[in-house]
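Hi there,

Here is the structure I promised to pass on to you.

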Amino acid sequence: MITQQWNTWYIGCAGFAQLGKDDYSRKLIVEKIVINKIIDKKFPIPDEFKGNLYFHWNRNNHDFGTYYDLVAKYSNDYENNVERTDDDMQAWERLCDWLSDVESYDWESQEIMDKCGTLYREMYTMEVVHQKDEDQDDDLEIMRRID
């Protein structure tokens, strides 16, 4: 049985979630959501690479714990076929150009950080709701709002 071999192209992350901070897991969820939406909108996989290319959140170990960053996985066939035909070489060049565009996008921009911050507040902010009740003293009810 022949298994598909994949190569990795590092894309990065926004840096909203900081390993070692108490809120890392929550912020990581938010960061992944925001970046995945940007990938879907700005960098859909070109038809010619579908089935031979995908995005993946890569797990990495560090002294402070496990962190994740976005990578593109592409078929090893692109590099192996690079010297076979002009068409193969051109496909390889198109793949590299496209992946370079994705990698060079400003993933740490203020706009992305702001989107992450807004979504984080929407998903995880604790709200204190003051309720008046004639039979009881003022109560505080803590509600967790998740959309």
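Helices (H or I, at least four residues) and strands (E, at least two) are DSSP runs, numbered from the N terminus. Before you go further, note that this is a predicted model, where local features need pLDDT of at least 70, side-chain atom pairs count only at pLDDT 80 or more, and totals for chains, interfaces and linings use all residues. Residues are numbered from 1 along each chain as its sequence is written, and side-chain values use heavy atoms, with hydrogens and water left out.

First, the overview. The protein has 4 helices and 5 strands, and along the sequence they follow the pattern β-α-β-β-α-α-α-β-β. There are 147 residues, and 34% of them are buried (buried means under 20% relative accessible area, exposed over 50%, partly exposed in between, with a 1.4 Å probe and protein chains only). Now for contacts, meaning heavy atoms within 4.5 Å. Of those between residues at least 6 apart in sequence, 57% join residues at least 24 apart.

Next, the sheet. Three strands form an open sheet in the order E1-E3-E2, with antiparallel pairing. E1 and E2 are the edge strands, each pairing on one side only. On average, neighbouring strands here are turned by 40° against each other, direction ignored (axes are lines fitted to C-alpha atoms, for helices over the stretch in contact, and angles run from 0 to 180 degrees between N-to-C directions).

You can trace the pairs yourself. E1 (residues 6-12) and E3 (residues 65-75) share 6 bridges, and Trp6 stands opposite Ser75 in E3. E2 (residues 53-62) pairs with E3 over 10 bridges, and a hairpin of 2 residues joins E2 to E3. Look for Leu53, whose bridge partner in E3 is Tyr74, and for Phe55, which is partnered by Ala72 in E3.

His56 is partly exposed, because its relative accessible area is 32%. The C-alpha atoms of His56 and Thr8 are separated by 9.4 Å, although the two residues are 48 apart along the chain.

Now the helices. H3 (residues 86-104) lies across E1, E2 and E3, running at about 30° to E1. The axes of H1 (residues 24-42) and H4 (residues 110-124) come within 9 Å and cross at roughly 125°. H1 and H4 are therefore oblique to each other (angles under 35 degrees count as roughly parallel, over 145 as roughly antiparallel, 65 to 115 as roughly perpendicular and the rest as oblique). Among the residues making the contact are Ile29, Val30 and Ile33 of H1, and Ile112, Leu119 and Tyr120 of H4.

Happy exploring!

Notes: Two strands pair if DSSP finds at least two bridges between them.
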